[in-house]
Amino acid sequence: MLSDSFDPQNPDWENNNYLGSQIVEHDFIRGSEFDLEQMGDRGRTEAVYGREPVEHPDDPSEWIDPDPIVYADLPREDSEQAYADQLEPMIEKLEAETGRDVEFQTIESYAAVVEGMRSERIHIANFATGNTPFGVNMAGMVPLAMGVAGDGEFGYRLLAITRADMDEIQSVSDFTDFRATHTEESSNSGNQAPSALFDEHFGLTRGENYDPEMSGGHEQSVRGIAYGDYDCGPICSTCMEQTVDAVDNIDWDDFKVVWAADPFPTGPVGYRYNLHEDIIQATRETFLNTDWSGTVFGEEAGYPTYEEVDYMNHWHDVMVNQQYNGVEYDEANL
């Protein structure tokens, strides 16, 4: 059943499905300033799972001082050149602050950015939410800053979706009887969180009564569900927004949402822990003390402002989900 109303403070998932457009109309794609404050005020000083970010070395002989500095990000819907052009204001600012050249590099997967930073070939990068703990545990990544929209909204939600005409699917509990898709093993909203939360709330246990296929990414999941390659699955709300905006023949009302989770943090900008202290300070200045409003970076490639993150607090729920799934921070699980 599709409801014609939606209360963003108290959605009635048990009795209603909602068209995708209703989720958008009520600003339910991201979290609020209140949600962000609650995440940061947990008072945790240790990681609930895995390790804390590596401390910066006191001994300058252990620092690395690359020139050029390599900044990396996953490819977007735009061409690599178009995306590079959108990043240009940030790159120029980082070059001015560091006094060094900055080279933009696209990487093809979550695993590639972790491996690149571990090997010191990537120095600063935009990570995804779910692979941030892999960066911290495997690559010496220090999460620095999370993008915040101009109205204070941040992050994304895990949406459980199906096609609007799939009357047989009224709840996540129905996913077990249809061709479900997750995205990638290390993805938070595409795999780790739904594996934990679908089990907790709906009794769907991967490997027992639930066996989703891996699509390879959020865009592939959205397209696959829309085109009938899959019937249902979890999706990152902002990834779905980007795909719907970019693909001409896919619309929000092609989908219904049968459940959503509380917001998760946006994947952060992070840096290699042993960078020269001058580069770290310049990176902090670039992201934490710059208003990108009105720039192509702030409007297209990044966010108007960035807020400093505390890994132990902002990533607590992500780590809890990975602990639930027994994730091991190694190459096999990337």
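**Close-up views of a predicted model**

**View 1. Cys-236 is buried in this predicted model.** Its relative accessibility is 4%. That value is under 20%, so Cys-236 counts as buried. Cys-239 has a relative accessibility of 19%. Cys-239 therefore also falls under the 20% cut-off and counts as buried. How many disulfides does a search of the whole structure find? The search finds 0. The model itself is predicted.

**View 2. Helix 6 crosses helix 12.** Helix 6 spans residues 188–202, and helix 12 spans residues 316–324. Two packed helices are described by the angle between their axes and the distance between the axes. Here the axes come within 9 Å. They cross at roughly 70°. Helix 6 is therefore roughly perpendicular to helix 12, since angles of 65 to 115 degrees count as such. Is the crossing of helix 6 and helix 12 left-handed or right-handed? It is left-handed.

**View 3. Side by side, residues of helix 6 meet residues of helix 12.** Helix 6 contributes Asn-188, Gln-192, Ala-193, Ser-195, Ala-196, Leu-197, Asp-199 and Glu-200. Helix 12 contributes Val-318, Asn-321, Gln-322 and Tyr-324. By class, this contact of helix 6 with helix 12 has 5 nonpolar, 5 polar and 2 charged residues.

**View 4. A cis peptide bond joins Asp-67 to Pro-68.** Omega is near 15° for this bond. Most peptide bonds are trans. Where is Pro-68 found? Pro-68 sits in the loop between helix 2 and strand 2. Helix 2 covers 33–40, and strand 2 covers 69–73.

**View 5. Asp-27 has a positive phi.** The angle is about 55°, although Asp-27 is not a glycine. Most residues other than glycine have a negative phi. Asp-27 lies in the loop between helix 1 (20–25) and helix 2. Is Asp-27 buried or exposed? Its relative accessibility is 53%. That is over 50%, so Asp-27 counts as exposed.

**View 6. Glu-120 also carries a positive phi.** Its phi is near 65°, and the residue is not a glycine. Which loop holds Glu-120? Glu-120 is placed in the loop between helix 4 (110–118) and strand 4 (124–126). Its relative accessibility is 31%. This value lies between the 20% and 50% cut-offs, so Glu-120 counts as partly exposed.

Note on methods: Residues numbered from 1 in each chain as written. Predicted model: local features only at pLDDT ≥ 70, side-chain atom pairs only at ≥ 80, totals over all residues. Heavy atoms only, no water. Axes fitted to C-alpha atoms, helices over the stretch in contact; angles between N-to-C directions. Helix = DSSP H or I, 4+ residues; strand = E, 2+ residues; numbered from the N terminus. Parallel < 35°, antiparallel > 145°, perpendicular 65-115°, else oblique. Left-handed = near helix turned anticlockwise from the far one by under 90°. Contact = heavy atoms within 4.5 Å. Nonpolar A, V, L, I, M, F, W, Y, C, P; charged D, E, K, R; others polar. Disulfide = S-S within 2.5 Å. Buried < 20%, exposed > 50% of the residue type's maximum accessible area, 1.4 Å probe, protein only.
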